[in-house]
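I opened the structure and kept notes as I went. The entries follow in the order in which I looked things up.

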Amino acid sequence: MLGERLFAAATAALLALALAGCGSPPSGGAAGEEASAQLAHVPGGTADVEYDAATRTLTVAVHVTGVMPGMVLAPRIRQGDCGAGSGDVIDALTLTAADSHGVVEATARVVGIEAVPMTAALEFAPATAPSAAPLFCGDLNGQTGMVHLVPAGGPSGTASLDLDPATRTLTVRLVVQGLVPNSTHPTHIHQGSCAVQGPMAFPLPVLQADAHGRATLHATVSGVTRLGRWYVNVHRGPDMKGGGAAPVSCGDVTPA
């Protein structure tokens, strides 16, 4: 009887160990890593609008991210709203430049103005082409407070990233819509975030839009050991020369 009880206990222990090991990776193996990114049009940010009636001074403090690092911007206040196209310029503000991370922190003052303009647009265009369409814009409505500076339309999309540690291979799938039809765009994975841009980590194939402004990309990157603090950046193109390096769509990579 004692032998039978010992045999039964040993069998139960072996069965428990077998069940515990089901579904686990083999000894020394490692599970894959997954991540994703939601791409949105950039740049954009906020403006804090204040008005001092005693000195008739309008003060605008701007915080914007997603600008091409080092790009100089030409801000202006013009009649009309952001969706109404061009209007007469009320005041041209001081040129301002993005820092090495693509962040703009600037304060502009307009002296001798009667109030916060009604039905006016605060917009920012490249200093190299000040008459071009603005990169981002916010509507002024005669009130002080925060104004959202939003991109002037553009592409959005999704990205999925799958890392196989065994082969050190990163698989990237990217879908973007809202591009200029038949346009081409350099695309990269960068270190950092859309708000604080960093250096390129991995180049991806050039993104090619179809006649409807939609593009898909499927690529593999070798020699990757782990997922990092990354973001996916789609550039204006068609190459990285001059303004072609400006970001037009960006998404922070978030582990699944």
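Entry 1, second largest pocket. I looked up the classes in the lining of the second largest pocket and found seven nonpolar, four polar and three charged residues. In this scheme Ala, Val, Leu, Ile, Met, Phe, Trp, Tyr, Cys and Pro are nonpolar, Asp, Glu, Lys and Arg are charged, and the others, Gly among them, are polar. The volume of this second largest pocket is about 180 Å³. Its lining has 14 residues, and Arg-78, Gly-85, Ser-86, Glu-123 and Pro-134 are the closest to its centre. I noted the rule: on a 1 Å grid over the protein atoms alone, a pocket is an open set of points with protein on both sides within 12 Å along at least five of seven lines, a cavity is a set where a 1.4 Å probe fits but cannot get out, and lining residues have an atom within 4 Å of a point. Grid points are joined across faces, edges and corners, and a volume is the space filled by probe spheres set on the points.

The model is predicted, and local features need pLDDT of at least 70, side-chain atom pairs count only at pLDDT 80 or more, while totals for chains, interfaces and linings use all residues. Residues are numbered from 1 along each chain as its sequence is written, and side-chain values use heavy atoms, with hydrogens and water left out.

I then turned to the largest pocket, which holds about 420 Å³ of space. Its lining has 24 residues, and His-41, Leu-135, Arg-236, Gly-243 and Val-248 lie nearest its centre. By class these are 15 nonpolar, eight polar and one charged. How many cavities of 30 Å³ or more are there? I found one. The largest cavity has about 40 Å³ of space. Its lining includes Pro-43, Met-71, Leu-135 and Arg-236, and divides into seven nonpolar, one polar and one charged residues.

I counted one helix and 18 strands, where helices (H or I, at least four residues) and strands (E, at least two) are DSSP runs numbered from the N terminus. Of the 256 residues, 39% count as buried; buried means under 20% relative accessible area, exposed over 50%, and partly exposed in between, with a 1.4 Å probe and protein chains only. Among contacts (heavy atoms within 4.5 Å) with a separation of 6 or more, 64% are between residues 24 or more positions apart.

Entry 5, strand E9. Four of the five residues of strand E9 (residues 136–140) are buried. I checked its partners, taking two strands as paired if DSSP finds at least two bridges between them. Strand E8 (residues 120–126) runs antiparallel to E9, with five bridges, and Phe-124 has Phe-136 as its bridge partner. On E10 (residues 145–151), E9 pairs antiparallel over two bridges, and Phe-136 stands opposite Pro-151 there. The hairpin of E9 and E10 has four residues between the strands, and Gly-142 in it takes a positive phi near 85°.

Most residues other than glycine have a negative phi, and most peptide bonds are trans. I looked for exceptions. Val-42 and Pro-43 are joined by a cis peptide bond with omega about 5°; Pro-43 is in the loop between strand E1 (33–41) and strand E2 (44–52). Gly-237 and Pro-238 are also joined by a cis bond, with omega about 10°. Thr-119 is not a glycine but has a positive phi of about 50°, and it is exposed, at 51% relative accessible area. Arg-168 has a positive phi near 55° and is partly exposed, at 42%.

Gly-237 lies in the loop between strand E16 (230–235) and strand E17 (247–252). Is Gly-237 buried or exposed? Gly-237 is buried, with a relative accessible area of 16%. Leaving out residues up to four places away in sequence, Gly-237 touches Thr-184, Pro-186 and Gly-244. Gly-237 and Pro-186 are 51 residues apart in sequence, with C-alpha atoms 6.0 Å apart. Thr-96, in strand E6 (residues 96–97), is buried at 12%.
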